[in-house]
Amino acid sequence: MSDPDGPAATEPRWLDAEQQQTWRAFLLGTTLLNDRLEEDLRRRFGMSLVEYEVMVRLSESDGQMRMAQLADSLAHSRSRITHTVARMERDGLVERCDSPEDRRGVLARLTPAGWQALETAAPVHVNGVRDYLVDLASPEDFAALRRVMDAVADRLIGDHPARELRAT
């Protein structure tokens, strides 16, 4: 028997028309937003949004992270991150090395070229986030979006605590 409070409850609580429209708007908006942010990075810098996010995560961790931690923080499989980091390593943006604390662990580390690529791409990316999302909403609506997404994260983060990215 499934959890009566969980998403697989026996009797679904169907969305009303307004909730369905909001849900569809959320899906369409997030898909189009991510696609545009990706397109901007690819067109200008030849990098994907995932590659950009890898560099951001590394920069926020003194330039390096364990590969497993990096995969968890991006909510990607370890194999996907391994392939992404390998591609970035070929491009000279990151390097992999053994962890000094644990020889079994592998670190991904930003190279000087990776730091430069991130510094060059970051203004374009943040301008895109601003143009395609932040500046389209009133401060009140944007604050409401944060409250909703924080509630979603609070509900789901327990299953994946390594994905927590919010400042404490």
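A residue counts as exposed when its relative accessible area is over 50%, and as buried when that area is under 20%. In this predicted model, Asp-62 has a relative accessible area of 76% and is therefore exposed. His-125, by contrast, has a relative accessible area of 12% and is therefore buried.

**Asp-62 and its loop**

- Asp-62 belongs to the loop that runs between helix 2 and strand 1 (64–66).
- The phi angle of Asp-62 is positive, at about 55°, although the residue is not a glycine.
- In general, most residues other than glycine have a negative phi.

**His-125 and its surroundings**

- His-125 is part of helix 5, which spans residues 112–132.
- Leaving aside neighbours within four places in sequence, the residues in contact with His-125 are Leu-37, Leu-41, Leu-49, Tyr-52 and Glu-53.
- Tyr-52 stands 73 residues from His-125 along the chain, and the C-alpha atoms of these two residues are separated by 9.0 Å.

**Aromatic rings**

- The structure contains 1 aromatic pair.
- This pair is formed by Trp-23 and Phe-26, with 5.7 Å from centre to centre and 20° between the planes.
- Planes under 30 degrees apart count as stacked, so the pair of Trp-23 and Phe-26, at 20°, is stacked.
- Both Trp-23 and Phe-26 lie in helix 1 (residues 17–45), where they are 3 residues apart, about one turn of the helix.
- Trp-23 has a relative accessible area of 42% and is partly exposed; Phe-26, at 35% relative accessibility, also counts as partly exposed.
- Elsewhere, Arg-36 lies over the face of Tyr-132, at 5.4 Å from the ring centre.

**Contact of helix 2 with helix 4**

- The axes of helix 2 (residues 49–59) and helix 4 (residues 78–90) come within 10 Å of each other and cross at roughly 85°.
- Helix 2 is therefore roughly perpendicular to helix 4, as angles of 65 to 115 degrees are classed in this way.
- On the side of helix 2, the contact involves Val-50, Glu-51, Val-54 and Met-55.
- On the side of helix 4, these residues meet Arg-80, Ile-81, Thr-84, Val-85, Arg-87 and Met-88.
- By class, the contact of helix 2 with helix 4 comprises 6 nonpolar, 1 polar and 3 charged residues.

Note on methods:
Residues numbered from 1 in each chain as written. Predicted model: local features only at pLDDT ≥ 70, side-chain atom pairs only at ≥ 80, totals over all residues. Heavy atoms only, no water. Phe/Tyr/Trp six-rings, centres within 6.5 Å; stacked < 30°, edge-to-face > 60°. Helix = DSSP H or I, 4+ residues; strand = E, 2+ residues; numbered from the N terminus. Buried < 20%, exposed > 50% of the residue type's maximum accessible area, 1.4 Å probe, protein only. Lys NZ or Arg CZ within 6 Å of the ring centre and 35° of its normal. Axes fitted to C-alpha atoms, helices over the stretch in contact; angles between N-to-C directions. Parallel < 35°, antiparallel > 145°, perpendicular 65-115°, else oblique. Contact = heavy atoms within 4.5 Å. Nonpolar A, V, L, I, M, F, W, Y, C, P; charged D, E, K, R; others polar.
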